[in-house]
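Student: I have a model open and some labels to check. Can we take them one by one?

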Amino acid sequence: MRTAFFVAIVVLSSTLGEIAMTHAMKIIGEVHSFSPRAIFSVLGRAFRQGWMWAGFALMTLSFFAMLALLSWEDVSFVIPATAASYAAGALGAKFLLHETVNRTRWLGVLLVSIGVALVWMGK
């Protein structure tokens, strides 16, 4: 039960963190120049975005939950099990960011999900 709880924390917090950061970067806009001045300008705008800070917090939570998970489970189980974040990411992209997810990507999500299920069955 503890393992499933921590896998869920890793999957959900990493996915929501990535979605929050993506949302922040879409608000900030595309980077057109990679001069030091332009980079510092983008960083300044990024750090003023609440979505960016929410993303950092969620990804930090994911990192520490992953460390805890790795302290009591084998890496050969943890890494494949947390691959469920690929499916969660596709769902988040579709329904939260309103991105187009084509049929090929959904097929990939299905294959990853089958792999995650097989890993859980082998536990």
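Student: How many aromatic pairs does the structure hold?

Tutor: Seven. Rings of Phe, Tyr and Trp (its six-membered ring) pair if their centres lie within 6.5 Å. This is a predicted model, where local features need pLDDT of at least 70, side-chain atom pairs count only at pLDDT 80 or more, and totals for chains, interfaces and linings use all residues. Residues are numbered from 1 along each chain as its sequence is written, and side-chain values use heavy atoms, with hydrogens and water left out.

Student: Why is the pair of phenylalanine 5 and phenylalanine 6 called edge-to-face?

Tutor: Planes under 30 degrees apart count as stacked, over 60 as edge-to-face and the rest as tilted. Here the planes stand at 80°, with 5.8 Å centre to centre, so the pair is edge-to-face.

Student: Why does phenylalanine 5 count as exposed?

Tutor: Buried means under 20% relative accessible area, exposed over 50%, partly exposed in between (1.4 Å probe, protein chains only). Phenylalanine 5 has 52%, so exposed is the label. Phenylalanine 6 has 21% and is therefore partly exposed.

Student: How do you know that glutamate 99 and lysine 26 form a salt bridge?

Tutor: The rule asks for a side-chain nitrogen of Lys or Arg within 4 Å of a carboxyl oxygen of Asp or Glu. The N to O distance is 3.1 Å, so the pair qualifies. The two residues are 73 residues apart in the chain.

Terms used. Helix = DSSP H or I, 4+ residues; strand = E, 2+ residues; numbered from the N terminus.
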